[in-house]
Amino acid sequence: MKYLFLFLLIFLCPYLIMIAVNEAIRSGLDGKYGEVNGYTTMNSAKATKDRCSWICHNSTNYCKEHHVKVLKPYYSYTDQIYNGIINLLHSTGNYGLANIVFLVLLIPFLICLFITQTIQYNLKRRTLIRYK
């Protein structure tokens, strides 16, 4: 019970970080919002060579050509994983909803669950060692 706050913090941290990053980026946009499919977005759909936009979401090759620098030697590895995830999300029939469910909710939740389980096992191990 005394670790409830710690575990709650671990579960909330990824979501708080996502919100903080989005809000930090939003403050630097200076009203330069875009519009995609009738929705106001933080980024425009215009292709720019100095920063990513919705064109990078819609055309990965454009992004890889103009924005990616570090991963270029590893495309043979990363493309398989990336394209597999995209194909999996498309296979659900609702790409947008699947993206939110899997990448925003499920995967961070599982990571937090694994971290808390590791902490719990470590605490139990320490308790057992102490009473030997």
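Predicted model: local features only at pLDDT ≥ 70, side-chain atom pairs only at ≥ 80, totals over all residues.
**Overall layout**

I went through the secondary structure next. I find five helices and two strands, and from the N terminus the order reads α-β-β-α-α-α-α. The chain is more spread out than a compact globule, because its radius of gyration is 20 Å, well over the 14 Å that the globule rule gives for 132 residues. I also checked the box that the C-alpha atoms fill, and along the principal axes it comes to roughly 65 × 35 × 35 Å.

**Surface and contacts**

I then looked at burial. Of the 132 residues, 16% are buried. The chain exposes about 10,500 Å², and carbon and sulfur atoms supply 66% of that. For contacts with a separation of 6 or more, I get 26% from residues 24 or more positions apart.

**Phe11**

Which residues does Phe11 touch, once those up to four places away in sequence are set aside? I placed Phe11 in helix 1, residues 4–27, and its list is Phe109, Cys112, Leu113 and Thr116. I picked out Leu113 from that list: it sits 102 residues from Phe11 in sequence, yet the two C-alpha atoms are 7.5 Å apart. Phe11 has 23% relative accessibility, so I logged it as partly exposed.

**Ser53**

Ser53 belongs to the loop between strand 2 (39–41) and helix 2 (54–58). Is Ser53 buried or exposed? It counts as buried, because its relative accessibility is 10% and the cut-off for buried is under 20%. Not counting residues up to four places away, I see Ser53 touching Asn43, Ser44, Ala45, Lys46 and Ala47.

**His67**

My last stop was His67, in the loop between helix 3 (60–66) and helix 4 (75–91). With a relative accessibility of 15%, His67 goes down as buried too. What lies 2.9 Å from a polar atom of the His67 side chain? I found the backbone oxygen of Thr48 there. Thr48 also turns up in the contact list for His67, and leaving aside neighbours within four places in sequence, that list holds Lys49, Asp50, Arg51, Cys52, Cys56 and Tyr62 as well.

Note on methods
Residues numbered from 1 in each chain as written. Heavy atoms only, no water. Helix = DSSP H or I, 4+ residues; strand = E, 2+ residues; numbered from the N terminus. Rg over C-alpha atoms; globule rule 2.2 N^0.38 Å. Buried < 20%, exposed > 50% of the residue type's maximum accessible area, 1.4 Å probe, protein only. Contact = heavy atoms within 4.5 Å. Areas by Shrake-Rupley, 256 points an atom, 1.4 Å probe, with all protein chains shown as cover. Polar contact = N/O pair within 3.5 Å; in protein donor to acceptor, adjacent residues only side chain to side chain.
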